[in-house]
Amino acid sequence: MASSSSCRTWHCLLALFLLSSAAYGQLSPSFYSKSCPSLELVVRATMIKALLAERRMGASLLRLHFHDCFVQGCDGSILLDDVGSFVGEKTAFPNVNSVRGYEVIDEIKRNVELACPGVVSCADITALAARDGVFLLGGPSWAVPLGHRDSTTASLTQANSDLPGPSLNLDQLIAAFAKKQLSPRDLTALSGTHTIGFSQCLNFRDHIYNSTNIDPAFAALRKGACPAQAPNGDTNLAPLDVQTPLLFDNAYYRNLVAKRGLLNSDQVLFNGGSQDALVRQYAANPALFASDLVTAMIKMASLTPPSGTPTQIRRNCRVVNS
């Protein structure tokens, strides 16, 4: 009898081991609760400092996270510098002279390493920084899925092909997001992050000069700092949300209803198509927008590289560990 009971114990232990080893690699908001309990506090403190220096940085780090997750999953690949023969994603057309905030990620990483050396990935730091940027500018907060590891590779090709550009139409946007297991509703909610931040003239020139689905007074306002003839004024900035560019709210959707979307890829969400009704709902109901945004952000932050991809916890976010 004793042998059969110890046998059952052994089976239980084996089952427990198999379950725990299967759970390894699963994402969870509490992934670092034992290995780095001060993580979120360190990220929040560094983000407060960064936003006090420049409020726009909240939008910049949110975009950095988005551009990371859309290429190979959320793996910190966008953070890798071009070094020697290694080609990263920073020179991809959607990123070059455009994505910013790398220095803030470096600073957060340094601070996290002081607290918990060699434990937290750069990918997770980027995801937490993005969440805090939204929250500190007045937006919702959410439980970030943690446990991502850092890639040892980057894909310039995928950055050029998979990051949705400002000239896309609605069908192209829906297809680009579907490729990342994100629904049209997720697309419309995630686009609402354009309630903060700025864009360069080269991204909206065609829309303000050639589109018909734009408020003429708004087009005239934007033409003031964006000359028709490229490359004149290419890098001149305009706020994505004309009303409250440094406050995270639902004004973006009210702008779309008034035909004041800055980018073509913004205004196509409200142009007689499948997302018009949802845009009107978000414009009228900030709580619905916040709730759908949180759902979509968690889905996007759960994108991982294909299984079997070599990963690590980078010591320096800009280079693969030697």
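Colleague: What kind of model is it, and what goes into the values?

Modeller: This is a predicted model, where local features need pLDDT of at least 70, side-chain atom pairs count only at pLDDT 80 or more, and totals for chains, interfaces and linings use all residues. Residues are numbered from 1 along each chain as its sequence is written, and side-chain values use heavy atoms, with hydrogens and water left out.

Colleague: What's the mean pLDDT of the protein chain?

Modeller: The mean is 94, and 93% of the residues reach 70 or more. pLDDT is the predictor's confidence in each residue, from 0 to 100.

Colleague: And where is the pLDDT below 50?

Modeller: One such stretch is residues 1–7, which has zero contacts in the model beyond near neighbours in sequence. Another is residues 12–24, with one contact counted that way. Contact here means heavy atoms within 4.5 Å. Where pLDDT is low, the predicted coordinates should not be read in detail.

Colleague: Okay, new topic. Where does UniProt place the "binding site" feature?

Modeller: The unreviewed UniProt entry puts it at Thr195, Asp241, Thr244 and Asp249. These four span 55 residues in sequence, but no two of their C-alpha atoms are more than 9.7 Å apart, so they gather at one spot. UniProt positions are given in the numbering used here, feature names are shortened, and annotations may be inferred rather than shown by experiment.

Colleague: Is Asp241 buried or exposed?

Modeller: Asp241 counts as buried, at 0% relative accessibility. You'll find Asp241 in the loop between strand S3 (237–239) and helix H11 (251–257). Helices (H or I, at least four residues) and strands (E, at least two) are DSSP runs, numbered from the N terminus.

Colleague: Which residues does Asp241 touch?

Modeller: Not counting residues up to four places away in sequence, Asp241 touches His194, Thr195, Asp249, Ala251, Tyr252 and Asn255. Asp249 also sits in the loop between S3 and H11. With residues up to four places away left out again, Asp249 touches Thr195, Asp241, Thr244 and Phe289.

Colleague: Which side chain makes a polar contact with the side chain of Asp249?

Modeller: That's Thr195, at 2.7 Å. A polar contact is a pair of N or O atoms within 3.5 Å; within protein, one must be able to donate a hydrogen and the other to accept it, and residues adjacent in sequence count only if both atoms are side-chain atoms.

Colleague: Switching to cysteines: how many disulfides are there in the whole structure?

Modeller: A search of the whole structure finds four. A disulfide is a covalent bond between the sulfur atoms of two cysteines, and the cut-off used is a pair of cysteine sulfur atoms within 2.5 Å. Counting bonded cysteines along the chain, the pattern is 1-4, 2-3, 5-8, 6-7.

Colleague: Which cysteine is joined to Cys36?

Modeller: Cys116, with an S to S distance of 2.0 Å. Cys36 lies in the loop between helix H1 (2–23) and H2 and Cys116 in the loop between H4 and H5, so the pair ties together parts that are 80 residues apart in sequence. The torsion about their S-S bond is about 70°, so the disulfide is right-handed.

Colleague: What about Cys122 and Cys317?

Modeller: Their sulfur atoms are 2.1 Å apart, and they form a disulfide. That link is left-handed, with -95° about the S-S bond. Cys122 is in helix H5 and Cys317 in the segment after strand S4 (311–312), 195 residues apart. Both cysteines, Cys122 and Cys317, are buried.

Colleague: Last one: which helices do the buried residues of H4 pack against?

Modeller: They pack against helix H2 (39–53), helix H3 (57–69) and helix H5 (122–136). Among the buried residues of H4 are Tyr102, Ile105 and Val112. Over on helix H3 you'll find His65, which counts as buried at 2% relative accessibility. Leaving aside neighbours within four places in sequence, the contacts of His65 include Cys74, Thr126 and Met297.

Definitions and conventions
Buried means under 20% relative accessible area, exposed over 50%, partly exposed in between (1.4 Å probe, protein chains only).
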